Number of protein chains: 2
Amino acid sequence: MADPRLVRIAEVEVDPDQLAAYKSLLAEVGAASVALEPGVVMLHSASLKDMPNHIRVFEVYADNAAYQAHIQTPHFLKYKQATAQMVTALRLVDVDPILLSAKAGPC
Amino acid sequence: MADPRLVRIAEVEVDPDQLAAYKSLLAEVGAASVALEPGVVMLHSASLKDMPNHIRVFEVYADNAAYQAHIQTPHFLKYKQATAQMVTALRLVDVDPILLSAKAGPC
């Protein structure tokens, strides 16, 4: 049976002068999405140590419908609008999961 | 307090002719590491949809000591040896976590 999960790595470049504000908004939308949306399985965000304004987000949704619902939520729309002038480049890299493996319990 | 977790994205290129074997070994070491090692928090592996021999692994260890222990385990050493002739490029991208957020329970 095909794996229905939608898995993706977002590669985001952010205006360095607005990086702290961006990271705060990103953490906020990540926490809200996992807490409030049954179909958001995980959202792990991090910044490159040697280029801190380069962000990666490892995103897992239960399926495409869950992702479509996600991008219409108030918290996602707020994030998208609030960060529109902060993000200087965005690349969405679609991936096929090989193995998603984590300790039981919240991260 | 500083976050002690070691978080990294491994970017791996694999010989396309050996991709199936590589993915099997990668899934095996990921499952064993999370199951057997208290300090391996998560290992999520995936292949790029448009370049399937390009692999990404999102890695989280409890701290540097946990990572140092990980690379000395029999299952990691077996993976490293078995894949040495399959991996054509390896880039380890160190990152600082912004927010690691996942549904409770195993993935």
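This is a predicted model: local features need pLDDT of at least 70, side-chain atom pairs count only at pLDDT 80 or more; totals for chains, interfaces and linings use all residues.
Local features were considered at pLDDT of at least 70 and side-chain atom pairs only at pLDDT 80 or more, whereas totals for chains, interfaces and linings use all residues. Residues are numbered from 1 along each chain as its sequence is written, chains are lettered from A in the order in which they are written, and side-chain values use heavy atoms, with hydrogens and water left out.

In chain A, helix 1 (residues 19–36) and helix 3 (residues 74–83) cross at roughly 170°, and their axes come within 9 Å. Helices are DSSP runs of H or I of at least four residues, and strands are runs of E of at least two, numbered from the N terminus; axes are lines fitted to C-alpha atoms over the stretch in contact, with angles from 0 to 180 degrees between N-to-C directions. The two helices of chain A are therefore roughly antiparallel (an angle over 145 degrees). Contacts (heavy atoms within 4.5 Å) involve residues of helix 1 including Tyr22(A), Leu25(A) and Val29(A), which meet residues of helix 3, among them Phe76(A) and Tyr79(A). By class, this contact comprises nine nonpolar, three polar and two charged residues (Ala, Val, Leu, Ile, Met, Phe, Trp, Tyr, Cys and Pro count as nonpolar, Asp, Glu, Lys and Arg as charged, and the others, Gly among them, as polar).

In chain B, helix 1 (residues 19–36) and helix 3 (residues 74–83) pack at about 170° with axes 9 Å apart, which makes this pair roughly antiparallel. Among the residues that meet are Leu26(B) and Ala32(B) of helix 1, and His75(B) and Ala82(B) of helix 3.

Between the chains, 38 residues of chain A are in contact with 38 residues of chain B. The two chains bury about 3500 Å² between them, 61% of it on carbon and sulfur atoms (buried area being the accessible area, 1.4 Å probe, lost on putting two parts together, summed over both). Ile98(A), Leu99(A) and Lys103(A) supply 20% of the area that chain A buries against chain B, more than any other three residues.

Over all chains, 12 salt bridges are found (a side-chain nitrogen of Lys or Arg within 4 Å of a carboxyl oxygen of Asp or Glu). Two salt bridges span the interface of chain A and chain B. Lys49(B) is paired with Asp96(A) in a salt bridge, with 2.5 Å between the closest N and O atoms. Within chain B, Arg8(B) and Glu59(B) form a salt bridge at 3.1 Å, N to O. Arg8(B) belongs to strand 1 (residues 6–14) and Glu59(B) to strand 3 (residues 51–61) of chain B, so this pair ties together parts that are 51 residues apart in sequence.

Definitions and conventions:
Angles under 35 degrees count as roughly parallel, over 145 as roughly antiparallel, 65 to 115 as roughly perpendicular and the rest as oblique.
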